[in-house]
Amino acid sequence: MAVADGAGRRVRELGRRALGLDVPAADHTIAVLHSTETDVPGLDRRETLQLSRIRMLGATGAVIMAISALGVGAQPVHQNPTSGMRVLGFFARAHTSTLAMCMIGTVLVVMAWLLLGRFAVGGWGGHPRHRLTRSQLDRTLLLWIIPLSVAPPMFSNDVYSYLAQSEIAARGLDPYAVGPADGLGLNNVLTNNVPNIWRETPAPYGPLFLWMGRGISELAGDNIIAGVWLHRLLALAGVALIVWALPRLSRRCGVAPVSALWLGAANPLVLFHLVGGVHNDALMLGLMLAGTEFCLRAVEDTHPFDKRAWTLLVFGVVVITLSSSIKITSIIALGFVTMALAKRWRGGLRTVLIAGALLGAMAIATTLFVSFASGLGFGWIHTLNAATTVRSWMSVPTALGIVTGFGGVLLGLGDHTTALLGITRPIAGAIAVFVTIRMLVAAWTGRLHPVGAMGVSLGAIVLLFPVVQPWYLLWAIVPLAAWANRPAFRVPAVAFSAVVSVILMPRGADFYVFQIVESAIATVLVGVLLIFLTRNVLPWRNQPGVSAPSQQPTAYGVSS
């Protein structure tokens, strides 16, 4: 009996430690990603001049990308406004040259973003002695976004699926039961623009997005260009919400707003895929972050917890739930708001359950309203895994299953990739659930700020998700930009953002190998020449006064 009691006690202790219940705050491994940043003076005259040159470098790259999109962007099959035009149609006829233009523009924007980072976060592992102001960063970001916001879609054809699925809803059909081919017909102009792999696939998006898309279809009809523009306005609204919420969340975490905006909003993945690619992830992320900010205003800033606090909390929960009605992933934010509220109420597990039931009831009520008011019902629940048919090289469990399956083929054991994916993906899902639970406990016990814990959880979900698209990385990078400011996070996040932004083709694998090789050679030559010519006018090297370690003045916010 004593042995059994001792074994049971050790199992309980191990379980509590695995969940992080008995881990001291200082020993929490994830906490090494965060420290409190300090307020520093603005740029001096020389640095301001360098900033203006960096700004123009990025704007030049964005303009080149916008022009090249006339030829190598995700142009519609029908209603292409440049088709047959003598001058503007040239870019579609000169694929290799236009691809080189796009790759050069991409590299220029990425270079400008990295140089801008010297004035936002300093060098590799350093701290800026001078930092650009919020208005300087806002003007830079706006200048880089404008060219891409008026260009044809790039890097993805998803916006044409949005248009087709929205038209299905506008015709009174169920977009969660039929795909564009069955709902609109193969000869429909909207169906013809949808990639073949998705023509039979029902919509995997939430009812709010298709409700808004149905309104766009009623306004634009079969006009593809007008429909793309209206969807891009939704994406720009999402980016605007990110720009509004991210600096406010970063102040709560003791991180400089400019640092968070540089990594989270000026990130090339945001510019190229949320703005250029017209992805609804922009609106999902914007609403999720905005709702989290309103909830934390109620939980952290309002004393006592009065009527105003309840108003902010309810509004924030509604906004988060609306974001999950675009893509369900963002509902995870509600769990961390629940833990922040339970921590505020200073209770045990019963308090967590009460807070969860309260916020869950608000979320369910909001979801019911959107589902019934839109007339779309709950078919979206059955199409959440529609994208898992794609095998993504960026997904850890999918890549592991594919590599292992290929190894079996080489060894003469046969192709068992599908069976291996049936093993690796559930295991990865279980690990993601465990990480999320541990982060929820860390937020509840106060060892991690809810924003940081949410970002880490989303990072685990993204990396272990069966399908990972390049812009999915932003699910984790954007919220973590407000909290994780140590080189252990920033260096790989910056490196991965830059590399992924550069290596992706503007509309997928529609080019011959020789075209890609020739364009890459031209891009390397232009990049090296640019660095050589601007070696004395741009801060390519770690200059004193730009990223030198600083003294410790006033800190931003209060770190948790």
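F372 counts as exposed because its relative accessibility is 59%; exposed means over 50% relative accessible area, buried under 20%, and partly exposed in between, with a 1.4 Å probe and protein chains only. The model is predicted, so local features need pLDDT of at least 70 and side-chain atom pairs count only at pLDDT 80 or more, while totals for chains, interfaces and linings use all residues. Residues are numbered from 1 along each chain as its sequence is written, and side-chain values use heavy atoms, with hydrogens and water left out.

The structure holds 15 aromatic pairs. Rings of Phe, Tyr and Trp (its six-membered ring) pair if their centres lie within 6.5 Å; planes under 30 degrees apart count as stacked, over 60 as edge-to-face, and the rest as tilted. The rings of F372 and F378 have centres 5.5 Å apart and planes at 80°, so this pair is edge-to-face. F378 has 31% relative accessibility and therefore counts as partly exposed.

## A buried pair and a ring cluster

W471 and Y472 also form an edge-to-face aromatic pair, with 6.0 Å from centre to centre and 90° between the planes. W471 counts as buried because its relative accessibility is 7%, and Y472 counts as buried at 10%. Both residues belong to a cluster in which ring pairs link F465, W471, Y472 and W475.

## Charge over a ring

The charged end of R535 sits over the ring of F532, at 4.2 Å from the ring centre. The criterion is that NZ of Lys or CZ of Arg is within 6 Å of the ring centre and within 35 degrees of the ring normal.

## Nonpolar surface patch

I364, L368, F372, F378 and I381 make a nonpolar surface patch of about 480 Å². Like charges are joined within 9 Å, and nonpolar side chains (Val, Leu, Ile, Met, Phe, Trp, Tyr) within 5 Å. Areas come from the Shrake-Rupley method with a 1.4 Å probe.

L368 lies in helix α15, residues 349–374, and counts as partly exposed at 36% relative accessibility.

## Whole chain

The chain has 21 helices and zero strands, taken as DSSP runs (H or I, at least four residues, for helices; E, at least two, for strands). Of its 560 residues, 55% are buried.

Conventions
Patches are made of residues with over 30% relative accessible area and no salt bridge: like charges are joined within 9 Å, nonpolar side chains (Val, Leu, Ile, Met, Phe, Trp, Tyr) within 5 Å. A salt bridge is a side-chain nitrogen of Lys or Arg within 4 Å of a carboxyl oxygen of Asp or Glu.
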